[in-house]
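User: I'm new to this structure and would like to learn how to read it. Could you walk me through some of its features?

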Amino acid sequence: MENKKLVFSGVQPTGNLHLGNYLGALKNFVSLQKEMECIYCVVDLHAITIFQNPKHLHNNVLETTASFIATGLDPNKSIIFNQSSVSGHAELAWILNCVSRIGWLNRMTQFKDKAGSDKEKASVGLYIYPNLMASDILLYKATHVPVGADQKQHLELSRDIAQKFNKDFNCKDFFPLPEPLISKKISRVMSLRDGTKKMSKSEESDYSRINLQDTADEINKKIKKAKSDSNSIPGEIKSLEKKPEALNLITIYSELTQSSLEKTISEMAGKEYSYLKKRLAEALIDEIAPVGKEIKKLLEDKSHLKNILKKGTEKASIIAEENLKNIREKVGLI
Ligand code: AQP
């Protein structure tokens, strides 16, 4: 098998990145770049599946790039670029639109959530978004994809598409079947207001999330206001599972302090939630506030950020073009 290990993942430039993006994706991106060849992409074409103000989109692409660098991605180790600058993503997406099945897309829960009650009015792009995601990954023949748990279904679809392409065009093992890399401990950071919903950029209330650019003051306020419970902290996971907001706070704390959930719960058992919140706010300020400061500093020099994307685009294009040449040949395109 010729396929070497290669990591690919993307983040949408749809606004301020938050703690969910950080713990569910970015932190893993950083540790993977020490072990494997990695490609990290600001997926601007995904962002426009829902209307984006062009000026905001432009700034958000740079802000997401700054967030990559501020969390520790190194452009000398990893390829960092924006999706629309490598046209192969869109070209392969078209080919894969013709491989993927409508029945498969109809099962995607994220489309149902994002399109809301009036699906007729959602963009076609939003519906076929998972095919573009398959294209992002397969264009580089990536073998591993670090994502949060919310992307698991899309990753499974990418594998189905890869498998069908290999079968239809009689080229066994041409596309590797990409493996999702999902953190076992904290695969889904939940909203601070509603522990049954994931923390998200598009949630209306800013109090539902910790943004990477929040100041120490804002972090303190948000954690103080976060929903928890009026009773003291129970000693077993089973009781905590009935209180999703409280479980979310403890899980975030145990992740930040790199302690097991069991150990954290036993340390916290019997204490008031105000105690946990104080410790959690401190841990968040320690880890997140320096990242936020660095993002702001990086944003002062936009040409440096654009240069990082330009260099990344040059590197990504070489791999993409080589693979596309073979893909076109397999399909019979001249
Ligand atoms: N709450 C979360 N917990 C764990 N991982 C998360 N991710 C997002 N939210 C959480 C992971 O972050 C990566 C980048 O996500 P994205 O910004 O490209 O898209 P998203 O999943 O749609 O993120 P949002 O915040 O929910 O954005 P909006 O509100 O615009 O839809 C992915 O690996 C994702 O799994």
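Predicted model: local features only at pLDDT ≥ 70, side-chain atom pairs only at ≥ 80, totals over all residues.

User: Which strand is joined to S1, and how do the two run?

Analyst: Helices (H or I, at least four residues) and strands (E, at least two) are DSSP runs, numbered from the N terminus. Two strands pair if DSSP finds at least two bridges between them. Here, 6 bridges link S1 to strand S2 (residues 37-42), and the two run parallel. Gly10 sits opposite Cys41 in S2.

User: What do S1, helix H1 and S2 make together?

Analyst: A crossover is right-handed if, with the strands pointing away from you, the path from the first strand over the helix to the second runs clockwise. S1, helix H1 (residues 19-32) and S2 form a right-handed β-α-β unit.

User: Why is S1 said to be largely enclosed?

Analyst: Buried means under 20% relative accessible area, exposed over 50%, and partly exposed in between (1.4 Å probe, protein chains only). In S1 (residues 6-11), 5 of the 6 residues are buried, so the strand is largely enclosed by the rest of the structure.

User: And Val43, buried or exposed?

Analyst: Val43 counts as buried, because its relative accessibility is 6%. You'll find Val43 in the loop between S2 and helix H2 (44-47). Its C-alpha is 5.7 Å from that of Gly10, although the two are 33 residues apart along the chain.

User: How many residues surround the ligand?

Analyst: A residue counts as near a molecule if one of its heavy atoms lies within 4 Å of it. For this ligand there are 22, and the closest are His18, Lys114, Asp150, Lys201 and Ser202.

User: Which distance separates the Asp150 side chain from an oxygen atom of the ligand?

Analyst: A polar contact is a pair of N or O atoms within 3.5 Å; within protein, one must be able to donate a hydrogen and the other to accept it, and residues adjacent in sequence count only if both atoms are side-chain atoms. An N or O atom in the Asp150 side chain is 2.5 Å from a ligand oxygen atom. For a polar side-chain atom of Ser200, the distance to an oxygen atom of the ligand is 2.8 Å.

User: Where does H13 bend?

Analyst: A bend is the angle between axes fitted to the seven residues ending at a residue and the seven starting there. H13 bends by about 35° at Ile285.

Conventions. Residues numbered from 1 in each chain as written. Heavy atoms only, no water.
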